[in-house]
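I opened this entry to note what I looked up, in the order I looked it up.

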Amino acid sequence: MMPQSLPHRHVLTLPTVPTAVRVARETAEQTLVEWGIGLRHRVADPALLILSELVTNSVRHAADVSPQVTVIYAAARDCFAFAVHDRHPYQPLLRTALTGPGGLATVMELVLGLGGTAVVRADADGEGKSIWITLPL
């Protein structure tokens, strides 16, 4: 299922600064509750951790070239999806992240453990990217 076809959608654009992590996470908590998924659902805690890690990566590695980070939240009856977008051209190789150290290994472990997917999508101009996470409910 493509994220565009998910009936619930919320877009949040923040300055690429450390407080963005907290705001993105709090917004995710709100959307999970508002969309009827709730914070007790088995995907809630891993989703919040994955989201925090991806926004942290943007703040840590992209802030010098990307003054803003955008988080897109989306959901349907059977899945919760979110993307973190920045304007840094580097595209991580998610397939190999599992064998590496650090946050992306944790992200991939959680995503795969929940039966989800992770995809990197380059911007049309190649100067930025979005990392889309889709988790089945």
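**Salt bridges and overall form**

I began with Asp125, which is partly exposed at a relative accessible area of 46%; buried means under 20%, exposed over 50%, and partly exposed in between, with a 1.4 Å probe and protein chains only. The model is predicted: local features need pLDDT of at least 70, side-chain atom pairs count only at pLDDT 80 or more, and totals for chains, interfaces and linings use all residues. Residues are numbered from 1 along each chain as its sequence is written, and side-chain values use heavy atoms, without hydrogens and water.

I then looked up the partner of Asp125. Its side chain meets that of Arg87 in a salt bridge of 2.6 Å, N to O (a side-chain nitrogen of Lys or Arg within 4 Å of a carboxyl oxygen of Asp or Glu). The two are 38 residues apart, Asp125 in the loop between β4 and β5, Arg87 in the loop between β3 and α3. Helices (H or I, at least four residues) and strands (E, at least two) are DSSP runs, numbered from the N terminus. Arg87 is partly exposed, at 31%. Shared partners join Arg87, Asp123 and Asp125 into one salt-bridge network.

Next I checked Lys129 and Asp86, whose closest N and O atoms are 2.8 Å apart in a salt bridge. This pair links strand β5 to strand β3, across 43 residues. Are they buried or exposed? Both Lys129 and Asp86 are buried.

I also found Arg22 and Glu26 in a salt bridge of 3.5 Å. Both lie in helix α1, 4 residues apart.
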